[in-house]
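Hi,

Here is the structure I promised to pass on. Have a look, and my notes follow below.

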Amino acid sequence: MHVLLFDDPAIRPRLLPFTFTRPVAALRCGILTIAEKWQHRLGQEIFYLTEPYLQAKFPAGAVSGPALVINGAVLPDELLARQIRNLPPGQALVDGELLVAAYLPDASKVAELIQDGLASTTEVAEPVTVISELWHLFLRNGAEIRQDFDLLTRGRQSGPIGDVHTIVYGAENIFIEPGVKIRAAILNAEDGPIYLGKNAQVHEGAIIKGPLALCEGSHINAGAKMRGDNTVGPYSKVGGEVGNSIFFGYANKGHDGYLGNSVIGEWCNLGADTNTSNLKNNYAPVKIWSHAAGRFVNTGQQFCGLMMGDHSKCGINTMFNTGTVVGVGANIFGAGFPRTFIPSFSWGGAAGFETFKLPKVAEVAERVMARRQLEYDATEQGIMQHVFEATAKDRVWEKSIG
């Protein structure tokens, strides 16, 4: 049975800039991406139905024969997975107006399903959890770490901590994969689980409060303060003070500085002493830029920090105001607070921006990815080319120059 996770056309635009460079189901929330959660729940390989320019990197596999088609923005649990597994052919599963999943006898009909739905539908047993706004990622992260922790560790034996200088609280809520190294840290899992992925490292003096996910090959640097509900995706390095934030992977926040209620894409780097405001001085709800609406929208949240798209960087002592959205491939530096919406491929800061041209972006990406033994190949270049062209309208200074 083919399993396809599709980008809901009503949801994907609201999750930009992160969905500029990945399908909705490739977003990380908790320990795993949404796609990885479905793969574990269903026990099958997962494929994506996404934008054509992303399909080379995130393939759809075969497009004929029977298929389970699932909304990539929906977070699975055991009850929902069981209900989807039991769908009869030709049946769709809905939550009110939301298409959750369907069993298609012919996968080639998936476009018609997404546009028109199926005549035969059944309601979900319980309301589903959907990632349909940027801030849902960090709001849901603690609960998803707990769910993923149970999913990944059930029936398994944790590795030992093995370091006599590390202080542990709630040891039963800590799981250590092979190759983990911990040195003179404090691990407090009394209020939520701590998951340390394969070959991850926790350095001297780090203070970690659960829930926390430290994914494969990642580091929590010396003296870091991880305040709970945090995910450090694969092959990242994180230091300073971090609360309720997600690093998708291959990202660095190596030094001191505060990051809270934020989501950081892949291949990002936050310079030393970068700080993010996550609370307005007047305690009012935070507004952030919506690519879908083309304007600032009210999140309804008192706490909301930085949303930074893939391949973006900032220099030392950068100050991000509450609810800042940074697009893909931006480079931010200089004194003062930059604007709270920084378009993709921007170069500059509070003093103003110009366009970070693609050849220069490629030079940086090649160097950065080579440090992780990965190539900035034709597929990656094609995605960045598409995003560069699609976001030209956001770089308003180009119009004045033209």
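Phenylalanine 6, in strand E1 (residues 2-6), stands opposite leucine 49 in E2. Before going on: this is a predicted model, where local features need pLDDT of at least 70, side-chain atom pairs count only at pLDDT 80 or more, and totals for chains, interfaces and linings use all residues. Residues are numbered from 1 along each chain as its sequence is written, and side-chain values use heavy atoms, with hydrogens and water left out.

Helices (H or I, at least four residues) and strands (E, at least two) are DSSP runs, numbered from the N terminus; two strands pair if DSSP finds at least two bridges between them. E1 runs parallel to E2 (residues 47-49), with three bridges, and also pairs in the parallel sense with E3 (residues 67-71) over five bridges. On that E3 side, valine 3 faces leucine 68.

In a regular strand, side chains alternate between the two faces of the sheet. In E1, His2, Leu4 and Phe6 on one side and Val3 and Leu5 on the other are all buried (under 20% relative accessible area, 1.4 Å probe, protein chains only; exposed is over 50%, partly exposed in between).

As for the largest cavity, its lining includes Arg14, Glu133, Trp135 and His291. Strand E28 (residues 287-290) gives the largest share, three residues. A cavity here is a set of points on a 1 Å grid over the protein atoms alone where a 1.4 Å probe fits but cannot get out; lining residues have an atom within 4 Å of a point.

Cheers

Definitions and conventions. 1 Å grid on protein atoms, 1.4 Å probe; cavity = no way out; pocket = protein on both sides within 12 Å on 5 of 7 lines; lining within 4 Å.
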